[in-house]
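Student: Could you walk me through this structure a bit at a time? I'd like to know what to look at.

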Amino acid sequence: MREGAHPGRIAAFPAQVSSQEATRARGTASATAPRRVGRKSTTREPIIQEPETNRPAEPEPEATRRDAGVAESARANRGWWDRNADEYQVEHGTFLGDDRFMWGPEGLDEVEAELLGAPEELKGRDVLEIGAGAAQCSRWLAAQGARPVALDLSHRQLQHALRIGGSFPLVCADAGALPFADGSFDLACSAYGALPFVADPQLVLREVRRVLRPGGRFVFSVTHPIRWAFPDKPGPEGLSVSASYFDRTPYVEQDEEGRAIYVEHHRTLGDRVRDIAASGLRLVDLVEPEWPAWNTAEWGGWSPLRGHLIPGTAIFVCERD
Ligand SMILES: C[S@@+](CC[C@H](N)C(=O)[O-])C[C@H]1O[C@@H](n2cnc3c(N)ncnc32)[C@H](O)[C@@H]1O
C-alpha cells in the first residue's frame, strides 16, 4: 500500500505502497526521527531490542519515476522492508492485530469476507501466505486449524513474526521464486504483500499456480489501481487526478548514486486481469471493499473522506483448474 494506504502495507497499512509526497514524507521521517530502541510495540511484546548507535542520519532519497527491473526491485524492497519493518509494525500492529486476517486499510477481514472459503473448510488445509510481514494472517489461519506457511522477502519482517509467535514455518524468499515443490498448497493468499512491489507480476502468479494443487485458490489484495492517479493525501486535495492512470512507469526512490532503495509498480485493472489469465489462473471475483462507518482511521492517503468516494483496495480471487 502506499503510505497512508494499508497501514504499513506498502509502507502504509497504514504503510502501504508509498508513493509521491507520501513516500517523501516517509523518507523525511526516517531521516530525522530518533531510533526506536526498546520501544513498545503496539502488539503484545516489546519490539526487538536494538543496540544504541550513533548512526548519522541518512540523506533523503530522491523520489522519481523510472524503469526498475526484477532484480533491482527485489533488492531495493528487501532493504527497504528490512530497514522499515520495525516502524511498520509499531505503526500498524494494533490495526492489524497479532492474529487477525485484514485484507486492507478499510478493515475488511477474512472472518467477514470468507474469500478463502468457509471457516470449517480451512481446517487441515495447507496455505501459503505471500509477503506475510509479521504473519498476522497466518496466525489467524493457524487458529482455524489450517497449516500456514508464512513467506516474506524481508528477514526483519519475519523476525517480528517470530517475536509475536506461532508454530508454523516462516520462509525468507522472493515471491518470484517460491522454494516449494509443485502442488504443495491448497490455498495461497497475500494481503498487500509482494504483488505491488514486483516488476514481473506474471512471474509471481505463475509461481503461485505451480505450487497450488488443482482446485486451489489464490486471493490477493493490492492498492486499487485507480489510486495511482491521485495524490496520497487524505483530504480534498487527494480527490483530484494528478497523474495518468495509464502511466506504468514505476515509482522509485533512489539514493545519491541513483540506486533504487524503494520501488512500487503500477498495473491497471485490465493489466491485473490479463496477468492472472496469462499465468493460467482463473479470476472468479474482484472485491472492492467499501469504507465502513466504524473506521475513522486516517493515515497517508487513507481516510474516510477518500474511502467513501473511491476504492482503495482491490482483492482478486483466483482459482487453479
Ligand atoms: C505492505 S507489507 C504487507 C505485510 C502483511 N501482509 C500485512 O498485511 O501487514 C508488504 C510485504 O511484502 C513483502 N514483499 C515485498 N516484495 C516481496 C517479494 N518480492 N517477495 C516476497 N515478499 C515481498 C515485504 O517485505 C513486506 O513485508
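Tutor: Let us begin with a word we shall need: a residue is called buried if 20 or more other C-beta atoms lie within 10 Å of its own. Please also keep in mind that this is a predicted model.

Student: Zooming out, how many helices and strands does the chain have?

Tutor: The chain has nine helices and 10 strands, and of its 321 residues, 50% count as buried.

Student: What about the largest nonpolar core, how many residues has it?

Tutor: That core has 65 residues, and those with the most contacts inside it are V127, L128, C137, A188, C189 and F218. Helix α2, residues 70–96, supplies the largest share of this core, with eight residues. As a general background, nonpolar side chains tend to be buried together in soluble globular proteins.

Student: Take C137, then. What is C137 in contact with?

Tutor: If we leave aside the neighbours within four places in sequence, C137 is in contact with F101, E129, A132, C189 and A191.

Student: New topic: what's the strand order in the open sheet of three strands?

Tutor: The order is β1-β7-β8, and the pairing is antiparallel. The edge strands, each of which pairs on one side only, are β1 (62–65) and β8 (260–264), while the twist averages 20° from one strand to the next.

Student: How many bridges join β1 and β7?

Tutor: There are four bridges between β1 and strand β7, which spans residues 251–254, and within that pairing A63 stands opposite E253 of β7.

Student: And how do β7 and β8 go together?

Tutor: β7 and β8 also pair in the antiparallel sense, over four bridges, with Q254 standing opposite A260 in β8. These two strands form a hairpin with five residues between them, and in the turn G258 has a positive phi of about 85°.

Student: Last one: is β8 mostly covered or mostly open?

Tutor: β8 is mostly covered, since four of its five residues are buried.

Technical notes:
Residues are numbered from 1 along each chain as its sequence is written. This is a predicted model: local features need pLDDT of at least 70, side-chain atom pairs count only at pLDDT 80 or more; totals for chains, interfaces and linings use all residues. A residue is buried if 20 or more other C-beta atoms lie within 10 Å of its own, exposed if 12 or fewer, and partly exposed in between; C-beta atoms are placed from the backbone. Two strands pair if DSSP finds at least two bridges between them. Axes are lines fitted to C-alpha atoms, for helices over the stretch in contact, and angles run from 0 to 180 degrees between N-to-C directions. A nonpolar core is a set of buried Ala, Val, Leu, Ile, Met, Phe, Trp, Tyr and Cys residues joined through C-beta atoms within 7 Å. Two residues are in contact if their C-beta atoms, placed from the backbone, lie within 7 Å.
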